[in-house]
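Take a moment with the picture before you read on.

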Amino acid sequence: PNPIDRYAIGDRTAGLRRNRDGSLDILLQHAVPRRDGSNWLPAPAGRFIVALRLYQPKNSVLHGSWPLPKITRLGRR
């Protein structure tokens, strides 16, 4: 359970805020974000696994030329 009842982010997730360049930052964290929580995907308190699910992927994904989105750890470990 989490306070916003969100368990995934997809192309139909309402209320996401994109960056000026059109990119999307997703906050994967247990704690409620101090600032805007529009792009927050609540995570367990301990270790967790991130899964990316692609439906009907294009050839670039199938052949390995599409770069996976980067995950950057911010703050303390």
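Is Asn39 buried or exposed? This is a predicted model, and in it Asn39 counts as buried because its relative accessibility is 8%, while the cut-off for buried is under 20%. You'll find Asn39 in the loop between S1 and S2.

So who are its neighbours? Leaving out residues up to four places away in sequence, Asn39 touches Arg6, Ile9, Leu16, Arg17, Leu24, Asp25, Ile26 and Leu27.

Now zoom out. The protein has 1 helix and 2 strands, and along the sequence they come in the order β-β-α. Its C-alpha trace spans about 40 × 30 × 25 Å along the principal axes. Of the 77 residues, 12% count as buried. If you take the contacts with a separation of 6 or more, 25% of them join residues 24 or more positions apart.

On charge, there are 14 positive and 5 negative side chains, and the centres of the two sets lie 7 Å apart.

How confident is the predictor? The average pLDDT is 93, and 97% of the residues score at least 70. Here are the two strands, which mark the lowest and highest confidence:

| Strand | Residues | Mean pLDDT |
|---|---|---|
| S1 (lowest) | 27-29 | 95 |
| S2 (highest) | 40-42 | 97 |

Key:
Residues numbered from 1 in each chain as written. Predicted model: local features only at pLDDT ≥ 70, side-chain atom pairs only at ≥ 80, totals over all residues. Heavy atoms only, no water. Helix = DSSP H or I, 4+ residues; strand = E, 2+ residues; numbered from the N terminus. Buried < 20%, exposed > 50% of the residue type's maximum accessible area, 1.4 Å probe, protein only. Contact = heavy atoms within 4.5 Å. Lys, Arg positive; Asp, Glu negative; His and termini not counted. Charge placed at Lys NZ, Arg CZ, Asp CG, Glu CD. pLDDT = per-residue confidence, 0-100.
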